[in-house]
Amino acid sequence: MPTTSATAVRDPVADHLITPQNAALLVIDYQPSQLESVRSMDHELLLKNAISTVKLAKLYSVPVVHSTIQVASGRQAPTLPELAELLEDDPPVDRTTMNSWEDPDFLDAVRATGRRKLIFCALWTEICLAFTALDALRDGYDVYPVVDAVGGTSVEAHRAALDRVAQAGGKPISWVSLAGELQRDWAREDTVPEMVQIVLTERLLKE
């Protein structure tokens, strides 16, 4: 017998917390040179956390806006293969702007999701995340940087950028917190097995 929730399901669109129905995930500039330049955390762990975040978005059917910088010009390599495979249904919006919000195609893609809560994964924290997040906040969006799936060119740069975004109204989260917020209730059994696989089996009980 399915487990029965003790409480009624809140409006998933109007909920003040993140739900699969009110949020979109932005994946910005997870490219080789950007990752190689990160100095705020271990590269392998950062990539694992970003992969887990994307897997969660896919599990809960959260729309994804995927973007790269300077690939069309040949100056940068495409999205890291491990993430590109997960994002094969979300072709990247390629830009020249450091601030994704200043790219019309990127902005159109965000608006097309119809979501007002934006979950941010971007490299680097102090530029591609911060600039875009600050503009999104200015335009009335809720912003959620996934703090352990992003990185900056130094620990200080990473922290300062997250502080700047938080002071402007951003709401930092971790990838595990995001998993719990999307699932919310163990009685929603359709997604429980894969959520446990992503969070516990593949990661927390293995590492």
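Setting aside neighbours within four places in sequence, Asp-15 is in contact with Arg-10, Asn-22, Lys-117 and Arg-184, where contact means heavy atoms within 4.5 Å. The model is predicted: local features need pLDDT of at least 70, side-chain atom pairs count only at pLDDT 80 or more, and totals for chains, interfaces and linings use all residues. Residues are numbered from 1 along each chain as its sequence is written, and side-chain values use heavy atoms, with hydrogens and water left out.

- Asp-15 is located in the segment before strand S1 (23–28); helices (H or I, at least four residues) and strands (E, at least two) are DSSP runs, numbered from the N terminus.
- Asp-15 is buried, its relative accessible area being 7%; buried means under 20% relative accessible area, exposed over 50%, and partly exposed in between (1.4 Å probe, protein chains only).
- A polar contact of 3.0 Å joins the side chains of Asp-15 and Arg-10; the term denotes a pair of N or O atoms within 3.5 Å, where within protein one must be able to donate a hydrogen and the other to accept it, and residues adjacent in sequence count only if both atoms are side-chain atoms.

**Nonpolar core**

- The largest nonpolar core has 59 residues, of which Leu-25, Tyr-30, Leu-118 and Phe-120 touch the most other members; such a core is a set of buried Ala, Val, Leu, Ile, Met, Phe, Trp, Tyr and Cys residues joined through side-chain atoms within 4.5 Å.
- Helix H2 (residues 43–59) supplies the largest share of this core, eight residues.
- Beyond its neighbours within four places in sequence, Tyr-30 has contacts that include Leu-46, Ala-50, Leu-83, Cys-121 and Val-150.

**Second largest pocket**

- The volume of the second largest pocket is about 220 Å³; grid points are joined across faces, edges and corners, and a volume is the space filled by probe spheres set on the points.
- On a 1 Å grid over the protein atoms alone, a pocket is an open set of points where a 1.4 Å probe fits, with protein on both sides within 12 Å along at least five of seven lines; lining residues have an atom within 4 Å of a point.
- The second largest pocket is lined by 13 residues, and Gln-34, Ile-69, Met-98, Trp-124 and Cys-128 lie nearest its centre.
- Helix H1 (32–36) and helix H5 (125–138) are the elements that give two or more residues to this lining.
- By class, six nonpolar, six polar and one charged residues make up the lining of the second largest pocket.

**Backbone features**

- The peptide bond from Leu-123 to Trp-124 is cis, with omega near -5°, and Trp-124 lies in the loop between strand S4 (117–122) and H5.
- Asp-29, in the loop between S1 and H1, has a positive phi of about 65° although it is not a glycine; Asp-29 is buried, at 0% relative accessible area.
- Gln-70 also is not a glycine and has a positive phi of about 65°; Gln-70 belongs to the loop between strand S2 (64–69) and helix H3 (81–86) and is partly exposed, at 22%.

**Other loop positions**

- Gly-114, in the loop between helix H4 (104–113) and S4, is exposed, with a relative accessible area of 57%.
- A distance of 29 Å separates the C-alpha atoms of Gly-114 and His-158, which are 44 residues apart along the chain.
- Thr-191 is placed in the loop between helix H7 (175–183) and helix H8 (192–204) and is buried, at 17% relative accessible area.
- The side chain of Thr-191 makes a polar contact of 2.6 Å with that of Gln-183.

Methods: Nonpolar A, V, L, I, M, F, W, Y, C, P; charged D, E, K, R; others polar.
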